[in-house]
Amino acid sequence: MSHGLPWSRLLLVLTCTSLALFATGVGPRLDGEIWTVAYDLVLYNAVYVGAALVCIAAARRARADRIAWASLAVAILLGVVGNLVYTLAIAPMENEPFPSIADLFYLAYYLPLYVTLVALIRARVPRFHASMWLDGIVGALGAGAVSVAVLLGPALELTEGDPSAVVTSLAYPVADVVLLALLVAVGAILGIRRDRTLLLLVAAITANLVGDIVFLDLATQGIYVEGGWLDLTWLTAVTLMALAAHTSDGDPVEPPARAGSTTRVGWRVLAVPLVCNVISLVVLGYDSGNRFNPAAAWLAVGCVLAALARVAITFREVRAFNEVKEQARTDDLTGLPNRRALLEDARAALATASARRPAALLLLDLDGFKEVNDGLGHHAGDQLLRQIGPRLRGALRSGDVLARLGGDEFAVLLRDAGLDEAQDLAERLRELVLQPFTVEQIRLHVGVSIGVSTAPVPAATVEELLRCADIAMYAAKSGREGVHVYVPDPTSGTGDRLRTMEELRTAISDGQLEVHLQPQVSLADGRVVGAEALVRWNHPIRGLLSPAELLPAAEQAGLLRPLTDTVLELALAAAARWWNLRSVPVSVNLSAANVTDLDLPGKVALALVRHALPARALTLELVEDTLMADPERGRQVLGELRRLGVRTSIDDYGTGYSSLAYLRHLPADELKLDRSLTADVDNDRRAVAIVRHTVALAHELGLSLVAEGVEDATTAGLLADLGCDVAQGYAVARPMPVTEFLSWLSRTHVFAFDDATA
């Protein structure tokens, strides 16, 4: 909460003091013409003037709510003018005219008050959806029906007498009905929330309405006494308005991602419309004998009809939300559950697993799949991957989960299955995969390596289950066993992995690592806008090793943090070589160990200083699931990085562990679509729909969108039409050593996909 300027607080204190003097009874007790004039002109209006000045101060301070507080100040000042005109010109007359000039100002008071409510809604809801409009209509009509039926019905029926007096008499209750309807509409649109500013303003307008309604009733009976305790309601109202303005900092309470959510469900959002709808039905029920003003019945009917339309909108939104949720758990290429879905099911399975009823995980990795991709193209490889699910599903039980984890890696989760049963199933699945596949009218044979692990022994958690199955799978692949069961024994066939882990420690300290750079270009104008640094291991015996060969060993050896530190140094050293000529930032991938490292922001800041680079020269990429271990700590680290000016990017979107809920809280600037979501946009209608909606989601959250795996000009054109911002892939360039990238960058000022060769 902003505390405002010192003189604003002083005005607020003076306003409250004037109200307190009146509340103690000084006004009603003292008589005499001098005191009456002093009270009417000074004490009473001091509350109004002080409140108006506080609102003006808030309008100057609060950028987002400037229109709201300026309008409220105008409304209060119109009330002051009305009071002065009435006290100085109207009240001294022997026969007070009605209507008078004072009534003009009193009625004009409502118009800027309406503007205040509308402006506050606009500041808190950047984008309106159909359900919001309907919620507001339901609230407004329901409130109008009740106010006309219960509070203002008799006043609205006074139609005899001088036309100008009748119109003016009707104008006051109508203005109050509109104000009440608009106030309830605000509550219906925004829902129940802890917004101190709004709550104070609601209390102020409620006090104002109570004063108007009681005054209307007393005036109708001819028993209203000026300067009585009823004046406290209006004085309380303007004081609460001043408090609302004083506590406002002008920033929306809800972040745009939440405030602009297209699915409005939950009791906080539906409470106000539901109550209004129920009350409207009560009004219609009691009006069977035509006891209310006809306007109340029509307003109630409108409220019910709007509520029915809201139900239809809600049904459509919930169905769309469920479809998106299901797509978030489904692998787009194969239609199988993805890694996210497998992990959720695995957690549920391990929660009930026991020594008598264990769970098992089979991790499958195709052998020879790279040759299919290289020989026949990625399209043929995708055709092969689509055939895996139907081939294996017949051998599984109804409760078993077959999922694609990414690339050519699949997994099978077995509930209530021991080690022997899991091994037998793995052998059957291997035999099925060894049977020939038909791809592009060619019979192909591929192999498969399967790792088997069980829980709760030896793996007690989902992460351990995956790690053990991964170790077993690599053992099966390196030993050409086909199927390997994880046994926690140093002699169980993991010697190659252990040796690689030790060699990697030496590689990090001896400078055997290097980075290759893959450029990123804007789909709008072909500018080079970034380069991703991909680690390579220049092994003295095995040659140049890719991340797929060294990252698993680094993870098991606990070397991800020093590995990332090394890659960060290499990437920034490379960027320093071109930054003075071309301001192209470099991207570095972060692991979960880095994201939860509280020292990471300091390390990054020092590294940037060491290489004389600004913060905008660096983008840090993380996959969605890296925050799963410690979300709060991870968001703290990423928040500090963003405050430094370092951009953050969510990598491999659509293949990670997390749900859409995590995307709301990740402090990121960029979203990178995995190639599994972009590879088929030229021939798959569902892939196009997913990419289009993902682009809309990213842009709505203020993120730029990078499409990975762009391999031809046709795909690049389609992705540009779908709204993607940046392309990365073989259609631009393959990852290349630093010297080659510098040469490529020097001759590439504007990239043209039509001239590119994959």
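Me: In which helix is V49 placed?

Reply: V49 lies in helix α3. A helix here is a DSSP run of H or I, at least four residues long, while a strand is a run of E, at least two long, and both are numbered from the N terminus. This is a predicted model, where local features need pLDDT of at least 70, side-chain atom pairs count only at pLDDT 80 or more, and totals for chains, interfaces and linings use all residues. Residues are numbered from 1 along each chain as its sequence is written, and side-chain values use heavy atoms, leaving out hydrogens and water.

Me: Why does V49 count as partly exposed?

Reply: Look at relative accessible area: buried is under 20%, exposed is over 50%, and partly exposed is in between (1.4 Å probe, protein chains only). V49 has 35% relative accessibility, so V49 counts as partly exposed.

Me: Which residues make the patch of negative charge?

Reply: Asp and Glu count as negative, Lys and Arg as positive; His and the chain ends are not counted. A charge is placed at NZ of Lys, CZ of Arg, CG of Asp or CD of Glu. In this structure D420, D424, E427 and E431 gather on the surface. E431 belongs to helix α18, residues 419-434. E431 counts as exposed because its relative accessibility is 53%.

Me: How many salt bridges does a search of the whole structure find?

Reply: The search finds 16. A salt bridge needs a side-chain nitrogen of Lys or Arg within 4 Å of a carboxyl oxygen of Asp or Glu. One of them pairs E463 with R347, with the closest N and O atoms 3.8 Å apart. This pair links distant parts of the chain: E463 is in helix α19 (residues 462-478) and R347 in helix α15 (residues 339-352), 116 residues apart. E463 is partly exposed at 48%. R347 is partly exposed at 33%.

Me: Are D400 and R397 buried or partly exposed?

Reply: D400 is buried, at 12%. R397 is partly exposed, at 37%. Their side chains meet in a salt bridge of 3.0 Å, N to O.

Me: How many disulfides does a search of the whole structure find?

Reply: A disulfide is a covalent bond between the sulfur atoms of two cysteines. The cut-off is sulfur atoms within 2.5 Å. The search finds zero. Now look at two cysteines. C468 is buried at 2%, and C724 is buried at 6%.

Me: How far apart in space are S509 and L563?

Reply: Compare sequence with space. S509 and L563 are 54 residues apart in sequence, and 9.8 Å apart in space, C-alpha to C-alpha. S509 is in helix α20, residues 495-510. S509 is exposed, with a relative accessible area of 58%.

Terms used: Patch = residues over 30% accessible without salt bridge, like charges linked within 9 Å, V, L, I, M, F, W, Y side chains within 5 Å. Areas by Shrake-Rupley, 256 points an atom, 1.4 Å probe, with all protein chains shown as cover.
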